[in-house]
Amino acid sequence: MINSKILIVEDENIEALDIKSALESFGYSVPYIASSGEAAIEKALELMPDLILMDIVLKGEKNGVDAASKIKELDIPIIFLTAHSEESVVKQALLTEAYGYILKPYDKKELQFTVELALYKKKMEKKLKNSEKRFKTLYNEAPLPYQSLSADGYFLEVNQSWLDTLGYSKDEVMGKHFSDFLAPAYVDQFKQNFPRFKAEGEIHGIEFEMKRKDGSIIHVSFDGKIGYDIRGNVKQTHCIFQDITKRKRTEMALKESELKYRFLTEQMNDIVWTLNMELQTTYVSPSIENVLGFTPEERMKQQVNEQITPESMFLVQEFLKNELMLEVQGLGDADRTINLELEYYHKDGSIRWLENVISGIRDDEGKLYGFHGVSRDITRRKKNEMDFRALHNRSEEALNLSKMAYWEYDIPSNTFIFNERFYKLHGINFDDYRMSVELFARRYVHPDFQEQLTHTIKQAINSSNSLFQVKIEGKLIKSSEKTFWVRMWVKKDEESHTSKLYGVNQDINDIKLVEEALRKSEETFRSLIYNSTDLIRILDGEGRIIFDSPSSERILGYTEGYFIGKNPLEFIHPDDLEKVAHDLGEVYEKRNQGIPTEFRIRKADGEYLPVESISQNMMNVPGIDGIVVTTHPIKQRKEMEKALCDSEEKYKTLFESDPNYMVLVGLDGEILDVNDATVNFSGLSKESLAGKRFTDLGLFSDEDAQAHIKNLYFAIKNEKVESFQCKIVNKTGGYSWIESQLVPLEKEGKIASILVIATDITERKIATDQLKSSLLEKEVLLKEIHHRVKNNMQIISSLLNLQTHHVHDDRIAVDVLKESQNRVKSMAMIHEKLYQSKDFTNIKFDDYIERLISELFYSYDLRKDRVKASIEVEKVKLNIETAVPCGLIISELVSNCLKYAFPSGDGELNLSLKLVDDKYELIISDNGIGFPKELDFKKTESLGLQLVNSLVKQIDGEINMDRSHGTKFTIVFKELEYQDRI
């Protein structure tokens, strides 16, 4: 990139000369410096430079952005130079597609890298354009026909293969509409599908018939994608097509063959069908209507899961998976058939069983591409099989439910014979179905039951009655040693002499458990009745008390049994008597379904007790035969209700007298209540506000109304809602500002309504807006001051830099100028930080130090791989009173280190800044040759150290030096407080 021509456009002559000097030191040529936008355009056209460095803010009518917009047509890369870093300025400049952006004061290395990168990017863009030309040549020679259409369907490009296939010349095609080359039957199809292609972005396998120049028609299949511009709009299409005319002729011949095949299959009673690999029906014979009720046309529209039950669908999926696995393994057999019995849906909703003989359909290369089969109705056979199976299962279920086990006792051989259910009943394995009486008794009969069972068997043997039969209950033993109850029937054989007994054991353990549970339940119920805190009574048909719980004595003070035979209405308070008699009458007439009645009942001491009673008509319930009345004392509840009424009255008073605007809103957004302050503010009555949605009153703007609805939604969900401000129309028609809070009100543990508390903040809002406006003006002014100070310091820095070129033989003068330049830069960087920051009182000092050290290294031309800098700075913010002297101190001490500490060129520089207690500790150290022992750093003629001591004193700090390992300066100071200027 060396020897490239660079045009500089800068209206600050000193800065322009400094930049020119830097660029020429990099090996670039600077033929001209323009100071206005007009001159820049003229010289760019005359010189045609390789690159332009342009300031955004220029003198004259055209600024840098305007000039760049004109120069853009010359295809010359532009890098912008400016002291402005606002986002709006950057966005405006980027619209010109600039190649870079450098902030003043510029860094020399940054300038070099940005210029190199811009020139390299331009070089790559030229290579890309050449590559695009080669691509265009490639697609013109591609074997497949290619075409590109505009967003309106007009030809933009075709390749030679396209022209050869259709026989046209390029002039006969370009600019014509695509539909001009389609067969008439396909024009409407294109017009319908082209918008969908543009919307979806791509097409695959779309078929058309196209007209060749000689009048013949070819069938083609298109694939393509949409090309978009940088804004995402449709720019053009990119499509290729294949001539499939021969394939279409083959398909037509195949269809003719299928017609012959269908004629044969339509004469059969069984169903003949074919499926493709997606299990879609591609053919079915007319016999399907006789078997399943569907016409062939209806079947062709159905998916396979609409034809068969889910269970059969699973079998089909398994069949397909196995077939595909065999194909993948190379084990496919063209002669193999599969038999599947499947459940099919009949058109009338019933299920039919069909037996299917299935084989694969293969192409000329033996590849599987579908299935054909013959289906026969076997519904009647399957029904007979299922009926038989169901009958068998019901018989087994009946025996299982009865929990019965059969046995025989052969008296001559003294042997018990059992069936398999006996072992299941006892929970043991079926290993020996014969055993002696002694072994049976020892293994399975509980000791408590042995005597009764032995007696019953002897009784049966000795009985002369051939019809002898007896039922007994007792305990047997399971293999787990748990006992269970059985009911046993013992019966003699029908012969005159007794040689055999028959028996059935039935497990009644569950019955026994239920009987025991019922006994315990009765005991529990009786205990609850006798210990209940409610009065429980039963009235007969005449209204007399026939049962009274013992709790009457505890609650009312009457002796036990006092109420039996009495009418309960005799003890009701006279004011409640009519209501109680009416409600009780409805219970007798079965018109009261448990509605509670509140009344007062007289105690033994004459006092009346508030109670609530619920009655149920159980006249037809055996064992009760009456009206069950449950009475619960509610004295405590009545006292709580009175306290609640008193509390509500207090709330109402507070609500009405509150000076804030109070609005009670229901969960549906309707106003339930408002206080007097709200009425006075709005000028509307309570009646006109109640029942209205607050958003329908026209008091809020649409935006604020939506915000209120959103906050109300969050409050109803019991989510935290911060207080928010908005404008509202007052009764004069003007606007007031309010600050609102939403308070959810709960009832029975659930949010029932929302209380809106609004405070009028109009006066506060006006004062706040005035203060913000004043602060904004000051911020803009302060920003401009920092910007101008920074620019002036940049000019001073550039002057010092230019001066060094005129005294380059005097090393001392060069060092003095360089040190002065570094001091100016350290202060300029402070103002740059303040200009870029939103906080004009404090500077983010950690970022500042890192950049300052980098600038100093560059100034003294030191390589960071030889002198290694270690910077450990906490996240510190300092005000400008402290930051300026502190920055100068760091600049002087680091410059002193870089100049004198490392004569060999290698070493380490360490800098740390941290807060210790309430003071800052700044440490700058190196491992160089050390500070001369004969010099006192506090009494020296060096201007740099004199400045350091003076600046330390300025920030009320202390400075110490350690010479034990190189040189180490430690400075402890406090942040200076801002002093008012006079």
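The structure is a predicted model in which local features need pLDDT of at least 70 and side-chain atom pairs count only at pLDDT 80 or more, whereas totals for chains, interfaces and linings use all residues. Residues are numbered from 1 along each chain as its sequence is written, and side-chain values use heavy atoms, with hydrogens and water left out.

Side chains of opposite charge can pair when their charged atoms come close. With a salt bridge defined as a side-chain nitrogen of Lys or Arg within 4 Å of a carboxyl oxygen of Asp or Glu, the count comes to 27 salt bridges. One of these joins the side chains of E157 and K170, with an N to O distance of 2.6 Å. This pair links distant parts of the chain, 13 residues apart, since E157 lies in strand β7 (residues 155–158) and K170 in the loop between α6 (160–166) and α7 (187–200); here helices (H or I, at least four residues) and strands (E, at least two) are DSSP runs numbered from the N terminus. E157 is buried, at a relative accessible area of 15%, while K170 is partly exposed, at 33%, where buried means under 20% relative accessible area, exposed over 50% and partly exposed in between (1.4 Å probe, protein chains only).

A salt bridge also connects R591 with E589, whose closest N and O atoms are 2.5 Å apart, and R591 counts as exposed at 51% relative accessibility. In the salt bridge between K720 and E722 the closest N and O atoms are 3.6 Å apart, and both residues are exposed.
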